Amino acid sequence: MADIFPLEWISRAEERISPHVHVTPLTHDTDRDIYLKWENHQVTGSFKARGAFNKILSLETWEQQSGIVAASAGNHGQGVALAGKLVGAPVTVFTSQNASPLKIDKMRALGADVRLVPGGYEQAEAEGIRYAAENHKTWVSPYNDAQVIAGQGTIGLEIARQMELMSEMTVLVPVSGGGLLAGIAAALAGSPQPPRMVGVQAGASAFMHALFTRNNQDNVPDLPTLADGLSGPVEKGSVTIPLIKSLVDDILLVNEEEISRALAFAYHVYGETIEGSAAVGLAAVLTGSIKPPAIVVVSGGNIQPEIHVQVCARYKEMT
């Protein structure tokens, strides 16, 4: 599998970004035999900083200084804004007018020029790509980029150092455009006992699931979801599509009730605040779709506070 996405790319990414990101904790719930990789403890509160730093630090100076453009539901935009700030590059982020106010505020606090676009992520991405091309600026995709994928793959290297991997384990990774899933799968593919790789997506916006199972994303509903960071279609021809088809065993869907319960479970049982997008892997375990031992990648914690309070209050009694 090394020829599909060389491990060396991910190792170089780790060297490049290590001064700027955290090695996040991995804990073991012995009662349920679940290992949890807490990327909500990452800088900016999300794994997205890894890929953003690797991409932006690998750019030529003129590419940085021309201005960086991204589209984001919020987490990628924060990572790009922070990395852009480090290198002194102006950053413009296009996001849906319906995006989380918390994430919009955080992107702006990091210095990004945030532009709200009517519609969902698909419209924001299209506008960002158009703006970057017309104004000769550097486009930084949240997933359709080898350097971004390599940066996200550093999570896999950390997991492999933090625990002993076994072939009977399943690694559960949130998936939307597929950069996180492809990167971690590539990082773990060469392990002595590679675990089973499974992506998990919200059923309300199951575009990558459709691509994985039927090779197209035609007529896929794009409905509101608590997992807002996993919404929207995948860019046509994305490099993540063949990577996921080659490296991933399955993609599962979870519904809004299951995501909500997992989010509340993380808070009441583990004392962790996570966002809906980060709860999908845990949801797959709690529903019994995946049997332990399992490794759950908890991708971020940037949730609107009032939404978190409401969801957790709905499920007060959890064990």
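Modeller: A polar contact is a pair of N or O atoms within 3.5 Å; within protein, one must be able to donate a hydrogen and the other to accept it, and residues adjacent in sequence count only if both atoms are side-chain atoms. This is a predicted model, where local features need pLDDT of at least 70, side-chain atom pairs count only at pLDDT 80 or more, and totals for chains, interfaces and linings use all residues. Residues are numbered from 1 along each chain as its sequence is written, and side-chain values use heavy atoms, leaving out hydrogens and water.

Biologist: OK, which backbone oxygen does the side chain of Ser 96 reach?
Modeller: That of Gly 119, at 2.5 Å. A polar atom of the Ser 96 side chain also lies 2.9 Å from the backbone nitrogen of Asn 98.

Biologist: Is Ser 96 buried or exposed?
Modeller: Ser 96 is buried, at 9% relative accessible area. Buried means under 20%, exposed over 50%, partly exposed in between (1.4 Å probe, protein chains only).

Biologist: New topic. At what angle do helices H11 and H13 pack?
Modeller: About 90 degrees, with their axes 8 Å apart. Axes are lines fitted to C-alpha atoms, for helices over the stretch in contact, and angles run from 0 to 180 degrees between N-to-C directions. So H11 and H13 are roughly perpendicular (65 to 115 degrees).

Biologist: Which residues of H13 make the contact?
Modeller: His 308, Val 311, Cys 312 and Arg 314. Contact means heavy atoms within 4.5 Å.

Biologist: And how accessible is Cys 312?
Modeller: Cys 312 has 5% relative accessibility and counts as buried.

Note on methods: Helix = DSSP H or I, 4+ residues; strand = E, 2+ residues; numbered from the N terminus. Parallel < 35°, antiparallel > 145°, perpendicular 65-115°, else oblique.
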